[in-house]
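Let's walk through this fold together, strand by strand, and then look at the spaces left between the parts.

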Amino acid sequence: MQWDTILLEKRNGVGLITLNRPKSLNALNTQLISEMNQALDQLETDPEIGCIVLTGSEKAFAAGADIKEMVELSFPNIYFDDFFTLADRIAQRRKPLIAAVSGYALGGGCELALMCDFIYCAENAKFALPEVTLGVLPGIGGTQRLTLAVGKAKAMEMCLTARQMGAQEAEKSGLVARVFSQQELLEQTLQAAEKIAEKSLISVMMIKESINRAFEVSLAEGLRFERRTFHSVFATLDQKEGMRAFIEKRPAKFTNR
């Protein structure tokens, strides 16, 4: 399948989606979000894919939402259409999703990165939620996910002042997992994704679900969920294979069953 605003590759159990609107610095419009979801639908149902990487260009991961598409919208149509609801589906994916961010991740671009399970970034990465300068506020989860990632103080400061956060501060703040040079970023991200894709997809998806549960329920409920999920994995063939392989000192051959 061919798309106009993204590129899709599959390699070594990893799906790689590249945002491809270079003239607008990968600004997010309805078409791009729709095509990204179509690609994610395909990768989610592909039994050969165990992890997904989302990236942009060296200059910009995504420099925000497409303001030209939004400027004339009114409250009734944006409300009835539930504008940006398509974007919510990106965060609801069950397979691990890694953002590889180089350059600008502003507004909707920053929010898109925050929807991923973790972020690797290049040394030139810049994160910001500058919607306040447009007379609006983040609308794709920015006020919520950024606060969960870096805490109230930094999230409040960034949203109210539109300050950009650089790569080193982003790593120290817990926004990103690791920082690499521009030349290393994509290769290092793909290597991490390939390591994930080698594992049992069942346990990988359960880990993702369990960690995300920590943000939604009390500690007691989260621990109970984790414990029951741990118990359930003993019904899989991958659990038997993984433990036998460890005892026999050989690589495990997972079959996702």
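Strand S5 (residues 97–101) is mostly covered, with five of its five residues buried; buried here means under 20% relative accessible area, with exposed over 50% and partly exposed in between, using a 1.4 Å probe and protein chains only. Strands (E, at least two residues) and helices (H or I, at least four) are DSSP runs, numbered from the N terminus. This is a predicted model, in which local features need pLDDT of at least 70 and side-chain atom pairs count only at pLDDT 80 or more, while totals for chains, interfaces and linings use all residues. Residues are numbered from 1 along each chain as its sequence is written, and side-chain values use heavy atoms, leaving out hydrogens and water.

In a regular strand the side chains alternate between the two faces of the sheet. Both faces of S5 are covered: Leu97, Ala99 and Val101 are buried on one side, and Ile98 and Ala100 on the other. S5 also has strand partners, where pairing requires that DSSP finds at least two bridges between two strands. Strand S3 (residues 51–55) runs parallel to S5 and is joined to it by four bridges, with Val53 and Ile98 as bridge partners. Four bridges also join S5 to S7, again running parallel, and here Ile98 stands opposite Phe118.

Now turn to another sheet. Four strands form an open sheet in the order S4-S6-S8-S9, with mixed pairing. Its edge strands, each pairing on one side only, are S4 (60–62) and S9 (165–166). Helix H5 (residues 108–115) packs on this sheet, touching S4, S6 and S8 (126–128), and its direction makes about 95° with that of S6. Contact means heavy atoms within 4.5 Å, and the angle is taken between N-to-C directions on a scale from 0 to 180 degrees, using axes fitted to C-alpha atoms, for helices over the stretch in contact. S4 and S6 (residues 104–106) pair in the parallel sense over two bridges, and Ala60 has Tyr104 as its bridge partner.

What holds the middle of a nonpolar core? A nonpolar core is a set of buried Ala, Val, Leu, Ile, Met, Phe, Trp, Tyr and Cys residues joined through side-chain atoms within 4.5 Å. The largest one has 47 residues, and those with the most contacts inside it are Val101, Phe127 and Leu175. Helix H1 (residues 30–44) gives the largest share of this core, six residues. Not counting residues up to four places away in sequence, Leu175 touches Leu114, Ile119, Phe127, Leu146, Ala149, Val150, Met165 and Ala170. Apart from this core lies another, of 13 residues, including Val53, Ile98, Phe180 and Leu185.

On a 1 Å grid over the protein atoms alone, a cavity is a set of points where a 1.4 Å probe fits but cannot get out, a pocket is an open set with protein on both sides within 12 Å along at least five of seven lines, and lining residues have an atom within 4 Å of a point. A search of the whole structure finds one cavity of 30 Å³ or more, and the largest cavity holds about 40 Å³ of space. Its lining includes Leu28, Ile33, Ala87 and Ile140, and H5 gives the most to this lining, with three residues.

The largest pocket holds about 1,100 Å³ of space. Of its 32 lining residues, Met115, Cys116, Asp117, Asn212 and Phe215 lie nearest its centre. Helix H10 supplies the largest share of the pocket lining, eight residues.

Definitions and conventions: Points joined across faces, edges and corners; volume = space filled by probe spheres on them.
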